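Please look over the model shown below and read the briefing that follows with its cut-offs in mind. The points are grouped by topic.

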Amino acid sequence: MAIESPSPKNLSLYPAIDLKAGECVRLLHGKMNEATVYNSDPAAQARLFADDGFTRLHIVDLDGAFSGNAENHRAVKAILDTDPKWCQLGGGIRTMQAVEGWLNAGIDRVILGTAAVKDPSFVKAAAKAFPEQVAVGIDAENGRVKIAGWAEDGSADVLEIAKRFEDVGVGAMIYTDITRDGALSGVNVDATAALAESISIPVIASGGVSGVEDIKNLSASPSIEGVIIGRALYDGRLSPIEAVSASKRL
C-alpha cells in the first residue's frame, strides 16, 4: 500500500540515491574512496523505494559534484524512466542550461551547492526563473561550508550562506553535517533546527540518520521540513513503516 505524500504538518521523507560511476552508493563522511555499493542498478533502487511507499527521492550525482558536469546522466535518466512521483537532484548543476535541462527532463527540484558559494547571483536568477524548483545545498563541517563535493573550503559559515537566499524564491535549504554523513551517528538536530529557526526557507536535514529515534527527534522540531535518509534504510536499521510513523506530527 502506497504511503501518502506527507502533509505540511508532517516531516517529509527523502530516501537518498547517491550515484558514483553509475551505481547506487553511500559514502562515509563524503569520502569518495570510502564508498559502499548498495545497488548496481539505480533504477531498480528507485523502484524499491517506490514499492516501500516513498513518494519522494533525493538523487545526488557524486561524480558531478567534483567535476561540475552531469557524470551520471544515464543513471539519472534511468531513474526518471521509472516515473517517480517526485524527485530532487544535486551534484554538478552549475549553469542555467543544466537547471532548465533537468527540470524539463522531469526532475522536480534541482539542488545548487557549490554555486551557492561561488556564484550566488546565478542561484538567485535560477530561483527567480523557476520559483520553488531550486534548493540550496549547504554542506558543513564544524559550522564551515564545504563545496565541490566537500573537497574545498567555502570560506563561509552556514548562516551567512543561507541568509543570501532569503526571499528570492528558493524552495528549500538542505543542510548536511559532513561529520555525521554516512556514519549512522545521529542527526545534528540542534544545528539543523537553529538554522531553520533563523531563516524563512524550509530546511531539510541530511547526514547521520541512524534509526527511528532520529526521525522522532526531527519530527519534534516543527521548524524542520524534512529529512534525507540513506544508509539507515539500506542497512535495514530503519524500516519504511517506522520512518513514516515517526514522521507524523499531531
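Y38, F49, F54 and Y234 form one aromatic cluster, where rings of Phe, Tyr and Trp (its six-membered ring) count as a pair if their centres lie within 6.5 Å, with planes under 30 degrees apart called stacked, over 60 edge-to-face and the rest tilted. The model is a predicted one, in which local features need pLDDT of at least 70 and side-chain atom pairs count only at pLDDT 80 or more, while totals for chains, interfaces and linings use all residues. Residues are numbered from 1 along each chain as its sequence is written, and side-chain values use heavy atoms, with hydrogens and water left out.

**Confidence and overall make-up**

- The pLDDT, which is the predictor's confidence in each residue on a scale from 0 to 100, averages 88 over the chain, and 88% of the residues score at least 70.
- Over residues 1-7 the pLDDT is below 50, and this stretch has 11 contacts in the model beyond near neighbours in sequence, a contact being heavy atoms within 4.5 Å.
- Where pLDDT is low, the predicted coordinates should not be read in detail.
- The chain has 11 helices and 12 strands, taken as DSSP runs (H or I of at least four residues for helices, E of at least two for strands) and numbered from the N terminus.
- Of the 250 residues of the chain, 54% count as buried, where buried means under 20% relative accessible area, exposed over 50% and partly exposed in between, with a 1.4 Å probe and protein chains only.
- Among contacts in the chain with a separation of 6 or more, 67% are between residues 24 or more positions apart.

**Aromatic pairs and a charge over a ring**

- A search of the whole structure finds four aromatic pairs, and one of them joins Y14 and W86 edge-to-face, at 5.9 Å centre to centre and with 65° between the planes.
- This pair links distant parts of the chain, since Y14 belongs to strand 1 (residues 12-20) and W86 to the loop between helix 3 (73-80) and strand 5 (87-90), 72 residues apart.
- Y14 is buried, because its relative accessible area is 1%.
- R56 lies over the face of W86, at 5.4 Å from the ring centre, under a rule that asks for NZ of Lys or CZ of Arg within 6 Å of the ring centre and within 35 degrees of the ring normal.

**Helices with a buried face**

- In helix 1 (residues 42-51), the residues P42, A43, Q45, A46 and F49 are buried.
- Seen down the axis of helix 1, these buried residues fall within an arc of 160°, so they line one face of the helix, the arc being that of the directions from the helix axis to the C-beta atoms.
- The cover over the buried residues of helix 1 includes strand 1, strand 2 (23-28), strand 3 (31-39), strand 4 (57-61), helix 3 and helix 10.
- In helix 11 (residues 240-247), the buried residues are P240, A243, V244, A246 and S247, and they line one face of the helix because, seen down its axis, they fall within an arc of 165°.
- Exposed residues I241 and S245 are carried on the face of helix 11 turned away from its buried side, whereas the cover over its buried residues includes strand 1, helix 9, strand 12 and helix 10 (231-234).

**Salt bridges**

- The count comes to four salt bridges, each defined as a side-chain nitrogen of Lys or Arg within 4 Å of a carboxyl oxygen of Asp or Glu.
- R26 and D18 meet through their side chains in a salt bridge at 2.5 Å, N to O, and both R26 and D18 are buried.
- K216 and E213 form a salt bridge at 3.6 Å, N to O, and both lie in helix 9, three residues apart, about one turn of the helix.
- K216 counts as partly exposed because its relative accessible area is 41%, and E213 is partly exposed at 48%.
- R237 forms a salt bridge with D235, the closest N and O atoms being 3.9 Å apart, and D235 is partly exposed at 35% relative accessibility.

**Two buried loop residues**

- I107, in the loop between helix 4 (96-105) and strand 6 (109-112), counts as buried because its relative accessibility is 2%.
- Not counting residues up to four places away in sequence, I107 touches V76, L80, C87, Q88, L89 and W102.
- S221, in the loop between helix 9 (212-219) and strand 12 (224-229), is buried at 9% relative accessibility and touches A193 and R249, not counting residues up to four places away in sequence.
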